[in-house]
Every structure is written in structure tokens, then in C-alpha cells.
Amino acid sequence: MRSVESISAIGVSHELERTTVSELEFVPVQKKRANKSEVIKEQLLKKLDIKVYDYLTQHVVPERDSVRILDVNHPTYLHQSDFASVRCLINVHQVNNVRYINKFLNKVNECLPDAGLFIGCIETIRIRKHKLFAVNNNIFKHLYWFFCFFFHRVMPKIKHLQKLYYFITGAKYRWLTMAEMLGRLVSCGFDIIEYKELDGKLYFVVMKTHSPDHNQKPSYGPVFPMKRVGKNGKIIKVYKLRTMHPYSEYLQDYVVKLNGYNKVGKPANDFRLADWGRTLRKYWLDEMPQILNVITGSMAIVGLRPLSQTRFNELPKDVQEKRIKFKPGCIPPYVALNMPDSKENIEAERIYMAAKEKAPFLTDVKYFGMALFNILSGKIKSS
């Protein structure tokens, strides 16, 4: 890894792209450092890869007094410092080594003013896997990968194994996905500005926009309750097998703004979806727990799609007003009518609701039979 051996106080960032490390000649620091924190900042900046330093300077001037470089991954460190004039915090250590990630992020949020920036990094599971299998691919590496995945990814999320994991590792080296980290940041009061892979890590830039969600109930377990708009506009919990990474629910609006919707009305290019989640969705297995909603009476076997509040608000007004008169269902109209396109499935709901008002029971029987035929014949597939 190339590193910057000396960094001037101001104005070198845009020259780095056009200069090699051996050719760099930085302006010496003119002003004597006033306190220890400034000396520490300079030492930390010297260790950064040039590409990383240049990435930082695209958003802030690291040498300014309003920018603080964190050298410890622990909330107590933030209690011991004065952040009155700080507008940006940069954490040069990967967040994987933090035991209580949300407590750390909440404290960062507290230390920053509104619209303050936080820049940090993690080593994602995808990056780790790429490093491991970059040279060769054999059965021993796959066994090693399976063991490490269980140890660093699964154990920290199992209540009775957490303490053992933290005792063995000292809370270091935890495996994180990009979706989980970005979701944690949003849940802790930040909006995502940008993220980028550099020097074997994923760097992110986020802005403080609101207070943390202290009532967090992230999607950890295999069965995940999703908040959806039910009959009469009441918010209900729809149960599904979890197909996304933890904290993905906090990224719903961000993913939609980033990529929009695909042809079947789901968020396009959704990085929140896990590999094993794609398999569950392909065979409709993730929908099985919705039988609990049918038993409790919040859903029907056949009915309108249970939508998030964000997606519901995007529907035409006439559809919004009409669809809350009915229970959502496990088998939506677009499956029976083979109209999966994002615009077609709205029209499918109009057709279904018109028929349902005239003959409720017979319409559901008819649509159930049509949907079953389309699924078994392969005419329509799960998204």
C-alpha cells in the first residue's frame, strides 16, 4: 500500500492525481502545532493511502480545525473530547472492530451539529471473500470460509453466543455487509451522501440529518415482520422469511431514490438482497410465514399486495382510496392476471377490485385458480 509520507496543511489534494508518490514534494507545515490533537491528526493523515486522502479532500479539508480525526473506535473517547467547533468527524479505523456499533454511531451523531459530516470505513464480507479467493479456489478455502462466516457473522447475532464471541475476539474483526452498515448509519440519524471502495475497504460519507432511532428493532431473525398498509389504512405487520441483510428496512427510501423500481414494481438493483434470499424468492418460499397473517385475520389468501407506506403513497389517488377498503392478500391480482409489470400490476388491482365489489367470494376463488395455474405452468415467476 502506498502511503503519504508528509502532508501539507492546505491545498495538496487536487495535485495528487497527477503525481506519483516518489515525486510528491509537500509544502512543509508553516504553523507550529498548538496541541496534541493536531499532532495526532497529522500522524494519522500520513498513514493514509493517497487515494483515500484524495477521496477525503473531495468532501472536506482534513487539516482544518473543524475536522477531527478519530483514532479510537469507542464511544468513551468521544465523551473525553470537546467537539464544540467540529463540523466533520473522520474515523480512519474500520468499524468492524467496534463492539457496540450503534452506541458508537449514536455518540458520533450527538457530537456533530446538524448537517455535520461523518466519514468512516468498513471491510465488507464481499471484499473479504474476494481477497480469499483471488489467488485460487479449492475445497479447503470453502471450508475455511464457511467456518469464518459462522464465527464472525453468525455468532455475534445469536444472543447466547455473543458473549463467547466477544470474549474470544475482543469485539474485533466482526463481519459486516454494506447494506447492514449503511442501514445502521441511517437508523442512527444520518443520510447517505456517497460510498466507494478504496484500498480494500468501503468508505462512506454521511450527513447528520436527524436524531437516532432509539426504538430500533432491526431484522435479525429468520422471520421478519414488515410494516405494511392494511385495510382501512391501518399499519400491519406482514411476516416473511428474511431475504435481506439486517437493517435493510432503513434503506428502503434510499434504494428507491438511487435506482427507482424494476419492471415488476420492486426496488431495482437492490443491494440489500442476500444471495440466499434470491433463492427463497425465486421459489416463493419467503411468503410462507404470511399464513400467520391469514390466521390472525390481517390478510386474506387472495388480495391486494401488502405495500410499504412509501410505495402506497406513490400509487394513483383513486387506487389508494379504493384499495384500503380491502384486506391485502398473499396472492396478488397480478399473479392471476399475469400482469407483473409495475404499471400493469396497478391496472390488475383495478380489475380485481371492480370484480371483488360485485362478487367477493367467487372473485377470490377464480383468481386463486388462475394464479395457481400461472405459477405451476411457469408463466409467472416470483421477483
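Mentor: The account below begins with the whole chain, turns to the sheet, and then follows the helices around it.

The model is a predicted one. Its protein chain comprises 16 helices and nine strands. Of the 383 residues in the chain, 48% count as buried. Among contacts between residues at least 6 apart in sequence, 65% join residues at least 24 apart.

Let us now consider the sheet. Five strands make up an open sheet with mixed pairing, and their order is β1-β2-β3-β5-β4. The edges are formed by β1 (67-70) and β4 (190-198), each of which pairs on one side only. From one strand to the next, the twist averages 15°. In general, the strands of a sheet pair through backbone hydrogen bonds, either parallel or antiparallel.

Strands β1 and β2 pair in the parallel sense over four bridges, and L70 stands opposite N91 in β2. The side chains of β1 face two ways: V67 and I69 point one way, R68 and L70 point the other way, and all are buried. On the next step across the sheet, β2 (residues 88-94) pairs with β3 (residues 117-122), again in the parallel sense over four bridges. Within this pairing, I90 has I119 of β3 as its bridge partner.

The helix on the sheet is α8 (residues 178-187), which touches β3, β4 and β5 (201-208). The direction of α8 makes about 150° with that of β4. How many of the ten residues of α8 are buried? Nine of them are, so the helix is largely enclosed by the rest of the structure. These buried residues are A179, E180, M181, L182, G183, R184, L185, V186 and S187. They pack against the strands β3, β4 and β5, and also against the helices α4 and α6. After α8 comes G189, whose phi is positive, near 100°.

On the α5 side, the contact involves I125, R128, K129, L132 and F133, which meet K141, H142, Y144, W145, F149 and R153 of α6.

Finally, let us examine the loop between α7 (159-169) and α8, where K172 lies. Is K172 buried or partly exposed? Its relative accessibility is 41%, so K172 counts as partly exposed. Leaving aside neighbours within four places in sequence, K172 is in contact with N96, N97 and Y165. Between K172 and V95 the separation is 77 residues in sequence and 9.1 Å in space, C-alpha to C-alpha.

Conventions:
Residues are numbered from 1 along each chain as its sequence is written. This is a predicted model: local features need pLDDT of at least 70, side-chain atom pairs count only at pLDDT 80 or more; totals for chains, interfaces and linings use all residues. Side-chain values use heavy atoms; hydrogens and water are left out. Two strands pair if DSSP finds at least two bridges between them. Axes are lines fitted to C-alpha atoms, for helices over the stretch in contact, and angles run from 0 to 180 degrees between N-to-C directions. Contact means heavy atoms within 4.5 Å. Buried means under 20% relative accessible area, exposed over 50%, partly exposed in between (1.4 Å probe, protein chains only).
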